[in-house]
Amino acid sequence: MVEMFTDGACRGNPGPGGWGVLLRQGSHERELYGGDRDTTNNRMEIMAVIQGLQALKKPCQLRITTDSQYVLKGITEWMPNWKRKNWRTAAGKPVKNADLWQTLDASLASHDVEWQWVKGHSGHAENERVDGLANRGIDEL
């Protein structure tokens, strides 16, 4: 089992943003982070998961922990309908961030994934850590 903790951050929305990932398997850990000069918080939340998945070397059993209801609901509730409706919402409008959702969908295909939500900024150690990485991604732009 690989554990992945993800977070995104933005200063202004839109504005400069960052993403952070902590990958853990047993006692082995790897931190990743990056940023974008002009983005949104939601794009950085999705990007964190994409970057974490793309860092994996082979298909695996994975638990992804996020504080983003947008990412969690997007994957577990909304995406099947978006795909059926050719990436349109229930109202018939284009899905926001469809480019990233499609990349995320493809990146998830080879893994057995369990999703977990955690309340952000609530003292959850790994969530606080990836929040710091996301902010580091902004600081190093």
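Reply: Gladly! Strands here are DSSP runs of E with at least two residues, and helices are runs of H or I with at least four, both numbered from the N terminus. Keep in mind that this is a predicted model. P14 falls in the loop between β1 and β2.

Me: Which kind of peptide bond joins N13 and P14?

Reply: A cis one, with omega at about 15°. That deserves a second look, because most peptide bonds are trans. In that hairpin of β1 and β2, 4 residues lie between the strands, and G12 has a positive phi near 90°.

Me: How do you know that β1 and β2 pair, and in which sense?

Reply: Two strands need at least two DSSP bridges to count as a pair. β1 and β2 have 8 bridges, so they qualify, and their sense is antiparallel. C10 stands opposite G17 of β2, and T6 faces V21 of that strand.

Me: What other strand does β1 join, and how do the two run?

Reply: β4 (residues 61-66), with 5 bridges and a parallel run. Against the threshold of at least two, that is a pair as well. Within β4, R63 is the bridge partner of E3.

Me: What makes β1 and β2 count as largely enclosed?

Reply: The tally of buried residues, where buried means under 20% relative accessible area. In β1 (residues 2-10), 8 of the 9 residues are buried, so the rest of the structure largely encloses that strand. For β2 the tally is 9 of 11, so the conclusion carries over.

Me: Why is G34 called buried?

Reply: G34, in strand β3, has a relative accessible area of 13%, and because that is under 20%, the label is buried.

Me: How does the span of α1 compare with the expected one?

Reply: Helix α1 (residues 41-55) has 15 residues and reaches 21 Å from its first C-alpha to its last. The expected span is 1.5 Å times one less than the number of residues, which gives 21 Å here, so the two values are close. Buried residues of α1 include M44, I46, I50 and L53.

Me: What makes their phi values worth a comment?

Reply: Most residues other than glycine have a negative phi. N86 has phi near 55°, and W87 has phi near 60°, both positive values in residues other than glycine.

Me: Why is the W82 and W87 pair called tilted?

Reply: The centres are 6.3 Å apart, within the 6.5 Å limit, so the rings form a pair. The planes are at 40°; stacked needs under 30 degrees and edge-to-face over 60, so tilted is the class that remains. Both residues are buried. The whole structure has 5 aromatic pairs, and ring pairs link Y70, W78, W82, W87 and W101 into a cluster.

Me: One last topic: what lines the largest pocket?

Reply: 14 residues do, with V2, Q25, A55, L56 and K57 nearest the centre. The elements giving two or more lining residues are β2 (15-25) and β3 (28-39), and β2 has the largest share with 3. By class, the lining has 7 nonpolar, 3 polar and 4 charged residues. The volume of this pocket is about 330 Å³.

Key. Residues numbered from 1 in each chain as written. Predicted model: local features only at pLDDT ≥ 70, side-chain atom pairs only at ≥ 80, totals over all residues. Heavy atoms only, no water. Buried < 20%, exposed > 50% of the residue type's maximum accessible area, 1.4 Å probe, protein only. 1 Å grid on protein atoms, 1.4 Å probe; cavity = no way out; pocket = protein on both sides within 12 Å on 5 of 7 lines; lining within 4 Å. Points joined across faces, edges and corners; volume = space filled by probe spheres on them. Nonpolar A, V, L, I, M, F, W, Y, C, P; charged D, E, K, R; others polar. Phe/Tyr/Trp six-rings, centres within 6.5 Å; stacked < 30°, edge-to-face > 60°.
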